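Please find my notes on this entry below. They are set out as numbered points, each on one topic.

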Amino acid sequence: MTNNDKLEPITISDVREIAKKRLPRQVWDYYTTGADEERTVRRNEAAFQELLIRPRALRNVSNIDTATTIFGKRYEIPIAIAPSAYQKLAGGNGEIDVARATSELGTNVILSSNATTTLEDVAQALSGRRPEDPAPWFQLYFLKSRDLTAGLVQRAERAGYEALVLTVDTPILGNRLHERREPLQLPPGVAMANAPARRAGAISKAGLLLRAKTAAEHRELAKEHADSLVDSSLDWAEVIPWLRSQTKMKILLKGILTAEDAERSLDAGVDGIIVSNHGGRQLDGVSSTLEALPEIVDVVRGKIPVILDGGISRGSDVFKALALGADLCLIGRTALWGLAWDGQKGVEGVLHILERELARTMALAGTPSLVDISRNMLGRAKRDGFGIAKL
């Protein structure tokens, strides 16, 4: 171990380097790679660097308040954990550690359908939370089998989950070249705990289709495994009414990237939108989530929460997303680096790093509370001439 390895990480970049050293190469590659040429993976992070903060001086910033409210629940920080699969591969107790870390920091977690811990066990791990604290959310892939889908929804509601997060950007898997070349194999003792239609210890059936070499092979595999695959025939007219008939949980759509779909979301009566491009793992060449955020916020106009994930690795990134109108930010890969670093304590450490960076950015920008952060505090380099163009 080098002297640098012994130093306590003070940035997310430091934590990422620890995770890279500790995780098996196959696991690291699975988490970090995206679709096709990975342009969207890179764009998600690069978009934050294009924005410049326009700070205000001589404002009382002696008390910085990073708290916000989502669905009537207080979040101590405007940062929660996005759903990501197979968290036991990253380290510690996987999803249990992530959930407990969010509870300790006064924020929330979205449990993946492809978790390696049952949704009931995650809920039980949070059983000591107060009624005013956020309750976990459950991310859903809507399967062709309505019975299997309804079973997952009803299990989540019985376990006390507050919201259902329907992923809408994955009718099929994106062209994940690494997964085609080197499919992830879950090790013994690690299984997909919430998906009874899939063999324990196996990867998603969607991965079989991803590796199909011909259209005919794709059709045959899709037919053979239809019930356990995401239903690619879903449309606006059916999916939200059907989910409303199955649960009283709040319903959010994850994977909205356009004003047009934001408008459809409002028309459908959903309770929230997550602006997401699946971490660049689905359609390559789409905009970054930060770039998509303003047009969606302008359509929603505060009627429902707008949440953003994708590319966040600094507290100043959170500040910029909030300035563009996000109500809450989600971290995915960053939380996994925390798991690899030190289990629950590592995830808490990641959240502490982001909270401190956000609070410091707020103080230096002259914004004592989240409501003081606004779009006119951002700019970008002028395309013509020298100076800053206000947003």
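1. In this predicted model, strands S1, S12 and S13 form an open sheet in the order S1-S12-S13, and the pairing is antiparallel. S1 (52-53) and S13 (388-390) are the edge strands; each has a single partner strand, so one side of each has no neighbour in the sheet.

2. The pairing of S12 (residues 378-381) with S13 is made by three bridges, and the two strands run antiparallel. Within this pair, Gly379 has Lys390 in S13 as its bridge partner.

3. Strand S11 (residues 328-331) is covered on both faces. Leu328 and Leu330 are buried on one side, and Cys329 and Ile331 are buried on the other. Under 20% relative accessible area is the cut-off for buried.

4. Which strands pair with S11? S4 (residues 79-81) is joined to S11 by three bridges, in parallel, and Ala80 stands opposite Leu330 of S11. S10 (residues 306-309) is also joined to S11 by three bridges and runs parallel to S11; here Ile307 is opposite Leu328. Between S10 and S11 the chain passes through helix H14 (residues 315-323), giving a β-α-β crossover that is right-handed.

5. Helices H4 (residues 39-50) and H13 (residues 289-300) have axes that come within 7 Å and cross at roughly 70°. Angles of 65 to 115 degrees count as roughly perpendicular, and H4 and H13 are therefore roughly perpendicular to each other. The contact involves Arg43, Asn44, Ala47 and Phe48 on the H4 side, and Thr289, Leu290 and Glu291 on the H13 side.

6. On charged pairs: side chains of opposite charge can pair when their charged atoms come close. With a cut-off of 4 Å between a side-chain nitrogen of Lys or Arg and a carboxyl oxygen of Asp or Glu, the count is 20 salt bridges. One group of residues, Lys144, Arg146, Asp231 and Glu238, is linked in a network of salt bridges.

7. Arg176 and Glu179 form a salt bridge, with the closest N and O atoms 3.5 Å apart. Arg176 is buried, and Glu179 is buried as well.

8. Asp317 and Arg314 also meet through their side chains in a salt bridge, at 3.7 Å from N to O.

9. Glu132 and Arg130 form a salt bridge in which the closest N and O atoms are 3.5 Å apart. Glu132 has a relative accessible area of 42% and is partly exposed. Arg130 is partly exposed too, at 48% relative accessibility.

10. Where does Arg130 lie in the chain? Arg130 is in the loop between helix H6 (119-125) and strand S6 (137-140). Arg130 and Ser103 are 27 residues apart in sequence, and their C-alpha atoms are 9.9 Å apart in space.

Note on methods: Residues are numbered from 1 along each chain as its sequence is written. This is a predicted model: local features need pLDDT of at least 70, side-chain atom pairs count only at pLDDT 80 or more; totals for chains, interfaces and linings use all residues. Side-chain values use heavy atoms; hydrogens and water are left out. Buried means under 20% relative accessible area, exposed over 50%, partly exposed in between (1.4 Å probe, protein chains only). Helices (H or I, at least four residues) and strands (E, at least two) are DSSP runs, numbered from the N terminus. Two strands pair if DSSP finds at least two bridges between them. A crossover is right-handed if, with the strands pointing away from the viewer, the path from the first strand over the helix to the second runs clockwise. Axes are lines fitted to C-alpha atoms, for helices over the stretch in contact, and angles run from 0 to 180 degrees between N-to-C directions. Angles under 35 degrees count as roughly parallel, over 145 as roughly antiparallel, 65 to 115 as roughly perpendicular and the rest as oblique. Contact means heavy atoms within 4.5 Å.
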